[in-house]
12 protein chains.
Amino acid sequence: MSTVYKMIEIVGTSNESYEKAIENAIKKASESLKAISWFEVVQQRGSVKDGKVEEFQVILKVGFKLID
Amino acid sequence: MSTVYKMIEIVGTSNESYEKAIENAIKKASESLKAISWFEVVQQRGSVKDGKVEEFQVILKVGFKLID
Amino acid sequence: MSTVYKMIEIVGTSNESYEKAIENAIKKASESLKAISWFEVVQQRGSVKDGKVEEFQVILKVGFKLID
Amino acid sequence: MSTVYKMIEIVGTSNESYEKAIENAIKKASESLKAISWFEVVQQRGSVKDGKVEEFQVILKVGFKLID
Amino acid sequence: MSTVYKMIEIVGTSNESYEKAIENAIKKASESLKAISWFEVVQQRGSVKDGKVEEFQVILKVGFKLID
Amino acid sequence: MSTVYKMIEIVGTSNESYEKAIENAIKKASESLKAISWFEVVQQRGSVKDGKVEEFQVILKVGFKLID
Amino acid sequence: MSTVYKMIEIVGTSNESYEKAIENAIKKASESLKAISWFEVVQQRGSVKDGKVEEFQVILKVGFKLID
Amino acid sequence: MSTVYKMIEIVGTSNESYEKAIENAIKKASESLKAISWFEVVQQRGSVKDGKVEEFQVILKVGFKLID
Amino acid sequence: MSTVYKMIEIVGTSNESYEKAIENAIKKASESLKAISWFEVVQQRGSVKDGKVEEFQVILKVGFKLID
Amino acid sequence: MSTVYKMIEIVGTSNESYEKAIENAIKKASESLKAISWFEVVQQRGSVKDGKVEEFQVILKVGFKLID
Amino acid sequence: MSTVYKMIEIVGTSNESYEKAIENAIKKASESLKAISWFEVVQQRGSVKDGKVEEFQVILKVGFKLID
Amino acid sequence: MSTVYKMIEIVGTSNESYEKAIENAIKKASESLKAISWFEVVQQRGSVKDGKVEEFQVILKVGFKLID
């Protein structure tokens, strides 16, 4: 039978880089979802404190296979 | 460790206003999700009957922290 | 036979709220169109005078059934 | 009380057509969600092998009523 | 003199396919508009009942020449 | 009472410039609509023949007051 | 000579409604800018606390005439 | 070494369906490009003659591996 | 050190053409900003009076170097 | 057999107008592509020097028939 | 009283990474704006020289509180 | 004579960062195109395996001068 996937939207954060923020989000989501196979970046944001970047924030769509 | 959030999409309705529709949606979603902290309006629509607005409908993205 | 709808774009105005602006637009459009069944908000704007909102303006797409 | 809906994003696949891909996705999602009432097409993609379409892929938003 | 076209937005429906939905919409619109020459798909949606697609819905922009 | 406007979409053409294409479209639309007060450019296109621009084409939204 | 306008982006907040949030933003911006004449809603968001809307937030583009 | 892909934009046509239009475009593009592996639908349009759809037109982005 | 630019949004007007409207806006903005180096067209609009274009209006983003 | 088109993206420049920038781009592209039949404006930009427009820049998608 | 924020658009550059480009832009903007609290990435671009990335460029919207 | 540029779309990959993925794509494209002068990020994606990012993927538009 044909494969069906689900996509969910998550937000990862890091004080280092967007790549770390993505990895943090994927790692956390993988705790409950075993079959994540791809992601798409939806938006990149961040917080600032005292003239410095405090946190890089990335909104992701994460796709995984629905298992029977 | 870095914080991770999830975002889900819900639709609230009200025959009074978009603000009421948002409040109805947030209230309902909060029954099962305790950590909702922000929302974004995605689309505003409505239904019409006999030349009058019957229902204001608002599509929201709602964000909440994933708790360990 | 299958149903066909038409959508037109109208702009409603109100000095009170966007909901009133929508209701004004729907009411006016209903004078000539009997079968309006839904609307979508396309844009929200407004005019300002002496540092106060003078008028809320809402651009709507309005959908109605084409009757045979 | 006012109705609240939830929308989720799923991806259906078919080697025949987008309509089949949609039907496959809706069927699969209906196994766990009883109240699906509408869908919106978000994106249409596909995979190619040896110069032929291998799979039509459709990303859908699916809406269903949150039941009390 | 230079040609001027008008574009209107219509919604076609079909329980078979988006192509049928488009054909239904074009056929209906052609009853009152003789000079339709092109269309663009704006959105594809659908309704679901008992876990099956009930109706494919397509929003179209239809263009036709304004005749003197 | 509050003012309500309608917006329609038209396409103007010219072999000289987009400004001429807009003027041609507005002029034609004004034959049947007396109260046009503004327009927005939606898209700019054109046709080419033998390596030269044959026609500038502009898609406009035109707004006018609905008169009682 | 021809008129030139400037547009700036501001964010208004209110715990009541988007209309109040707009009015708060326009009022504040008018303290330093005397010639504001229109605004456009760019995005509507909000914060949530204990399952209730805490604050409606609206991002606006505000336009005003550049005075010689 | 890391893989690099190129994407090109093509337009397929068919008087039957969008799926046929996609297949026609992929087939034609595969004559000169051996490594096409995926496509994305960018826009769906069509031409109309005498109140009937004459041609379904689909704009695709087609991706293929750049081979060393 | 690395260069930083600022972008502001302005609206130029002209009764002749969009190019003139852009030039008017750039000229006016240059009275207070010496380092403008590029612009992007955000939207093209216009006003209409008695069936004729009264004013071409262009919304621009203007970029300039922040000087130490 | 059904017709297939290809679309490429080019940028034209002119110190006079966007129309001239389009004509320059089409002319140049026609040196190597004989079958260009239409174009779409993707973006309009420009460079500024000493408070004056130095160059109008237009990004175009250009479509042409793939010949067997 | 309710809080009002202003958002400005800046462009940061770096020959290392987008994160550095963001930090450079925030640092520069903070010299004149003390209350920056968040940013959003609008676009990511770059310049190339001799087949190598010369500069990563990031367009940001930066938000800060308007202080009374 | 006025300069004309061409833009092509490529996809770079890296298991380290988006910056590396961009550099890989630019390097590869430069083998056949000598005059690349800028790029724009169109989309950022990635693949996931066993709960870890396997590959960062970046879709770029790359611009280069058409040489006579």
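Contact here means that heavy atoms lie within 4.5 Å, and by that rule no contact joins chain C and chain H, whose closest C-alpha atoms lie 15 Å apart. This is a predicted model, in which local features need pLDDT of at least 70 and side-chain atom pairs count only at pLDDT 80 or more, while totals for chains, interfaces and linings use all residues. Residues are numbered from 1 along each chain as its sequence is written, chains are lettered from A and ligands numbered from 1 in the order in which they are written, and side-chain values use heavy atoms, with hydrogens and water left out.

**Chain arrangement**

- Chain A and chain E are not joined by any contact, and their closest C-alpha atoms lie 15 Å apart.

**The interface of chain K and chain A**

- In this interface 13 residues of chain K are in contact with 14 residues of chain A.
- The area buried between chain K and chain A is about 1,100 Å², of which carbon and sulfur atoms give 55%; buried area is the accessible area (1.4 Å probe) that two parts lose on being put together, summed over both.
- One salt bridge is found across the interface of chain K and chain A, a salt bridge being a side-chain nitrogen of Lys or Arg within 4 Å of a carboxyl oxygen of Asp or Glu.
- The side chains of K:Glu40 and A:Arg45 meet in a salt bridge, at 3.5 Å from N to O.
- Four residue pairs, both residues at pLDDT 80 or more, are in polar contact between chain K and chain A; a polar contact is a pair of N or O atoms within 3.5 Å, where within protein one must be able to donate a hydrogen and the other to accept it, and residues adjacent in sequence count only if both atoms are side-chain atoms.
- Helix 1 (18-30) and strand 2 (36-49) of chain K are the elements that give two or more residues to the side of chain K that touches chain A; helices (H or I, at least four residues) and strands (E, at least two) are DSSP runs, numbered from the N terminus.
- Strand 2 of chain K gives the most to that side, with seven residues.

**Nonpolar core**

- The largest nonpolar core has 60 residues, and those with the most contacts inside it are A:Phe39, K:Phe39 and L:Phe39.
- Such a core is a set of buried Ala, Val, Leu, Ile, Met, Phe, Trp, Tyr and Cys residues joined through side-chain atoms within 4.5 Å, where buried means under 20% relative accessible area, exposed over 50% and partly exposed in between (1.4 Å probe, protein chains only).
- Leaving aside neighbours within four places in sequence, A:Phe39 is in contact with residues of chain A and chain L, including A:Ile22, A:Leu60, A:Val62, L:Tyr18, L:Val48 and L:Phe56.

**Charged residues in strands**

- G:Glu9 lies in strand 1 (residues 4-14) of chain G and is buried, with a relative accessible area of 9%.
- The side chains of G:Glu9 and K:Lys61 are joined by a polar contact of 2.8 Å.
- G:Lys61 and I:Glu9 meet through their side chains in a salt bridge, at 2.9 Å from N to O.
- That pair crosses between chains, from G:Lys61 in strand 3 (residues 52-65) of chain G to I:Glu9 in strand 1 (residues 4-14) of chain I.
- G:Lys61 counts as buried at 15% relative accessibility, and I:Glu9 is buried with a relative accessible area of 9%.

**Salt bridges within helix 1 of chain C**

- Over all chains, a search of the whole structure finds 47 salt bridges.
- One of them joins the side chains of C:Glu23 and C:Lys20 at 4.0 Å, N to O, and both residues lie in helix 1 (residues 18-32) of chain C, three residues apart, about one turn of the helix.
- C:Lys28 forms a salt bridge with C:Glu31, the closest N and O atoms being 3.6 Å apart; C:Lys28 counts as buried at 11% relative accessibility, whereas C:Glu31 is exposed, with a relative accessible area of 53%.
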